[in-house]
Amino acid sequence: MSTIQQNLEQHNAEYASQFTKGHLALPPAKKYLVLTCMDARIDPAAAFGIDLGDAHVIRNAGASARDALRSIIISEQLLGTREIILIKHTGCGMLTFQNEDAHGIVKKNLGDAAAKKIEGLDFLPFPDLEQAVRDDVEFLKSVETVPKDVTVSGWVYEVESGKVRQVV
């Protein structure tokens, strides 16, 4: 067992020994979801005031709305969420490369067979943070699978200060 796995097991045992929230309902109590980046510098519960059971938190590289659409549909249509809060962040890795770079590194590190498997894959990088927030909010407001009465807002989390600011 790796040290990471040992750490997980130890901390989970401590957490489970004091766990009292097994009664929470499946749908999020406050009927919203947060879509944010998988960046390890973001703690959505602490930074955005999300208590256990309050909201769905969807995380992926760059807080991509397109990449998260499957989870968003499930959250809304099966579990009743009515608001989407999209939060991208400063210093995001998605600002640092283009699709060609990602495809090239896969080919270099994993070979031709791996590169062939991801041919045409869009890694969804973006060159402008605030424009990417606006684009994803517009996508969510225009896609047929997000009802028109669902509230959608877009934010930027500043990893340097811990503050959020609304973009749209």
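In what order do the five strands of the open sheet lie?

1. The model is a predicted one, and its five strands are arranged as E2-E1-E3-E4-E5 in an open sheet with mixed pairing. At the edges stand strand E2 (55-60) and strand E5 (164-166), each of which pairs on one side only. Neighbouring strands of the sheet are turned against each other by 25° on average, direction ignored.

2. Pairing of E1. Strand E1 (residues 32-37) runs parallel to strand E3 (residues 83-89), and five bridges join the two. E1 also runs parallel to E2, to which six bridges join it. Val 34 has a bridge partner in each of these strands: Ile 85 in E3 and Val 57 in E2. Further along, Thr 36 stands opposite Ile 87 of E3. E1 is mostly covered, with six of its six residues buried.

3. Helices on the sheet. Helix H3 (residues 65-78) packs on the sheet and touches E1, E2 and E3. The direction of H3 makes about 160° with that of E2. Helix H6 (residues 129-142) lies across E3, strand E4 (151-157) and E5, and H6 runs at about 165° to E4.

4. The H3 and H6 pair. How do the axes of H3 and H6 cross, and within what distance do they come? The axes come within 10 Å and cross at roughly 40°; H3 is therefore oblique to H6. The crossing is right-handed. On the H3 side the contact is made by Ala 65, Arg 66, Leu 69 and Ile 72, and on the H6 side by Asp 136, Phe 139 and Leu 140. By class, the contact of H3 with H6 comprises five nonpolar residues, two charged residues and no polar ones.

5. His 89. Leaving aside neighbours within four places in sequence, the residues in contact with His 89 are Cys 37, Asp 39, Arg 41, Ile 42, Leu 129, Val 156, Tyr 157 and Val 159. His 89 and Leu 78 are 11 residues apart in sequence, and their C-alpha atoms are 29 Å apart in space.

6. Positive phi angles. Ala 63 is placed in the loop between E2 and H3, and it is buried because its relative accessible area is 0%. Leu 124, likewise not a glycine, has a positive phi of about 60°. Leu 124 is placed in the loop between helix H5 (112-117) and H6. With a relative accessibility of 25%, Leu 124 counts as partly exposed, because that class lies between the limits of 20% and 50%.

How values were computed
Residues numbered from 1 in each chain as written. Predicted model: local features only at pLDDT ≥ 70, side-chain atom pairs only at ≥ 80, totals over all residues. Heavy atoms only, no water. Pairing = 2+ DSSP bridges. Helix = DSSP H or I, 4+ residues; strand = E, 2+ residues; numbered from the N terminus. Axes fitted to C-alpha atoms, helices over the stretch in contact; angles between N-to-C directions. Contact = heavy atoms within 4.5 Å. Buried < 20%, exposed > 50% of the residue type's maximum accessible area, 1.4 Å probe, protein only. Parallel < 35°, antiparallel > 145°, perpendicular 65-115°, else oblique. Left-handed = near helix turned anticlockwise from the far one by under 90°. Nonpolar A, V, L, I, M, F, W, Y, C, P; charged D, E, K, R; others polar.
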